[in-house]
Amino acid sequence: MDRLKALLFLTSVVILLCLPAFSQTSIDSAAAVKPAVESPAPPTDVVAKDTKNDDGSALDISWQLSPDDKRLVTKYVVLRSKSPNGPFVGIGSTTKGQDFYTDNGDTVGVSYYYKIAAVNEVKLTDSTSVTGISESQVVGPIKPIAQWFNMRRLNVFFWLLVTCAAILFYIMQAKSGKELYVRKIAGIDAVDDAIGRATEMGRKVFFVPGIQDMDDVATIAAITILGRVARICATNDTMLDVPVSRSLVMVTARESVREAYSKVGRPDAFKEDQVHYVTDDQFGYAAAIDGMVMRDKPAAMFYMGGFFAEALILAETGNNAGAIQIAGTNQPAQIPFFVAACDYTLIGEELFAASAYLEREPRLLGSLKGQDFAKGLFLLAIFILLILFMFGINWVTIMDVS
Amino acid sequence: MKREIPLIITFVAGVAFVLQYFIPHYPFNRFENIFSDWFAIVGAFAIWLGALSLMKLCLLNISKKSHDWPISLLIIISFLSIVIAGAIDGFHGLNSVPATSFRDPGTNFDWFYQNVYTPLSSTMFAILAFFVASASYRAFRARNTAATLLLVSAFFVMIGRVPLGDYLSGWLPERMQFSQWANWLMAFPNTAGQRAVMIGIALGTVSTSLRIILGIERSHLEG
């Protein structure tokens, strides 16, 4: 009897242990059968239209969400075809609650038909699922159109016109002989003193034009300043050293320095190796200049152009070497480092004003005056918009040109 | 003509770039890519000029036994080592299967990159921390009102960015804690200052571009 009880007990245990396996089998068989899933109501009011302000390569598709969006829909699939009768191919999908899709693929010059499928997808296992699908009406044909003006940039266009008009107006005034007052910029006034100090001490002047290439406006501004600095160095017979990190900058800077030496009647004093390539690598460039500075102990250092993390490494080394340092960059994040480590720093637009300020040529000074006038207009506009905003008038909403 | 041709090219390219920003229609939408390709091609040829300039300067230093000639020798050895390593590993991408490159892991070039270049770059970047400390020490001396204001602001930003700040001011209401002071300083006075600088830079960029496009500014061409 005891043996029978033991046998019954063992049998019960085995059955209990095997139950999960039986239940798994039942799910697998359910997956194989794939029971029907309730299909959501289809999306309505599908609209396909050209994407505004683009080059004719995109179409915007929008729709009214399915009434079952919250209850049944798991995603919407966007279907596209060249014919209203199909075949339609899925080109993308959105999650439930989303009623907008932009078609960016292969649309240039082609007319398409679209429909939207609301999908209810129920996962049975990790790899199997069942879906209930309902499709909207077909819309189309629609063909993307390229625009001739990007209306989203209307505000930029407006301010560009205002700024250019102000600059051109003051250039014309300067050309007509009118005396223009330009505010003093301490950093630029110190250029002569810094080079003079180098002349008296018989040491080098270093000019570092940043690590950006010639496609960066800050580098172009730096090269224009280099021309003026080279002219003063050539006049004073002071050695100018220009280590560069880009080959194209080297070529351009070399020509600029050569011309500067020729202009003051000292073409013989120019040596090609004054402007020399070091490396394209950011920290390699910083290390090389640090080494040169510590060995040569220059009396003056100019940092003009695009600088990043190497800015402080360079400026602190120059400071340790006891050089007068003048810096200017278009990278707002690096300006505080230069302010901390250099004697003079050109902030913001001063880098771009330096060349005109040094040259004192009326037309260039006129452009500076125009630039300052445009800045005043900007300040006025910001002030007016701030007042309007305080009264609940949001100009951005009024100006929405999308 | 030496002056006129570059000025004409500058004018045409400058106007084309301005137009492509506002006109999305073909062919203006292609200008940026076309110019970018041209720039890359010209830049690729110019690399040789840079490398030759570097080699020439180093060889001159060695031949003249200048005071830093051992450094020049080191530059030449480093330069040739990495070029030879890359050349030995080569590029087998067009016809070989699988496609391999000298930049793949395990190559000689990669060894130099991982064991020489990366540690040296990291070292230079790490030195920045010490320079920040020395520059801050000078900048944060309360010499006048503005410098004192800078010192006080820096104190609150630094203490508000570390756990110690919240530990020390944790007993205060949340909006009075150091981290909130730091957030306020960064979000308002700092952002306002940065934006003012950015507006100035944008105006300076427009002004410089206009001067260059119209040929008023020529110093980059003639010194």
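Trainee: Hi! How many helices and strands are there in chain B?
Mentor: Hello! Chain B has 8 helices and 0 strands. Keep in mind that this is a predicted model.

Trainee: And how spread out is chain B, compared with a compact globule?
Mentor: Its radius of gyration is 27 Å, well over the 17 Å that the globule rule gives for 223 residues, so chain B is more spread out than a compact globule. Along its principal axes, the C-alpha trace of chain B spans about 70 × 50 × 50 Å.

Trainee: What percentage of chain B counts as buried?
Mentor: The figure is 14% of its 223 residues. Here is another number for chain B: take contacts between residues at least 6 apart in sequence, and 27% of them join residues at least 24 apart.

Trainee: Can we look at one helix? What span should α3 of chain B have?
Mentor: Helix α3 covers residues 69-89 of chain B, which is 21 residues, and at 1.5 Å a residue it should span 30 Å. Its end C-alpha atoms are 30 Å apart, so the two agree.

Trainee: What comes just after α3(B)?
Mentor: That is B:G90, which takes a positive phi of about 65°.

Trainee: Is B:K65 buried or exposed?
Mentor: B:K65 counts as exposed, because it has 8 C-beta neighbours inside 10 Å and the cut-off for exposed is 12 or fewer. Chain A has a case too: A:K297 is not a glycine, yet its phi is positive, about 45°. A:K297 sits in the loop between α6 (282-296) and β12 (300-306) of chain A, and with 14 other C-beta atoms within 10 Å it is partly exposed.

Trainee: New topic! Where is the cis peptide bond?
Mentor: It joins B:Y26 and B:P27, with omega at about 5°. B:P27 lies in the loop between α1 (4-22) and α2 (28-63) of chain B.

Trainee: Now the two chains together. How many residues are in contact?
Mentor: 70 residues of chain A are in contact with 53 residues of chain B. On the chain A side, the largest share is 10 residues, from helix α5 (residues 247-263). That side divides into 38 nonpolar, 17 polar and 15 charged residues.

Trainee: How do α4 of chain A and α7 of chain B pack?
Mentor: They pack at an angle of about 65°, with their axes 11 Å apart, and the crossing is left-handed. A:V217, A:I220 and A:A221 meet B:T205, B:T208, B:S209 and B:I212 there.

Terms used: Residues are numbered from 1 along each chain as its sequence is written. Chains are lettered from A and ligands numbered from 1 in the order in which they are written. This is a predicted model: local features need pLDDT of at least 70, side-chain atom pairs count only at pLDDT 80 or more; totals for chains, interfaces and linings use all residues. Helices (H or I, at least four residues) and strands (E, at least two) are DSSP runs, numbered from the N terminus. The expected span of a helix is 1.5 Å times one less than its number of residues. The radius of gyration is taken over C-alpha atoms; the globule rule is 2.2 Å times the number of residues to the power 0.38. A residue is buried if 20 or more other C-beta atoms lie within 10 Å of its own, exposed if 12 or fewer, and partly exposed in between; C-beta atoms are placed from the backbone. Two residues are in contact if their C-beta atoms, placed from the backbone, lie within 7 Å. Axes are lines fitted to C-alpha atoms, for helices over the stretch in contact, and angles run from 0 to 180 degrees between N-to-C directions. A crossing is left-handed if the near helix is turned anticlockwise from the far one by less than a right angle, and right-handed if clockwise. Ala, Val, Leu, Ile, Met, Phe, Trp, Tyr, Cys and Pro count as nonpolar, Asp, Glu, Lys and Arg as charged, and the others, Gly among them, as polar.
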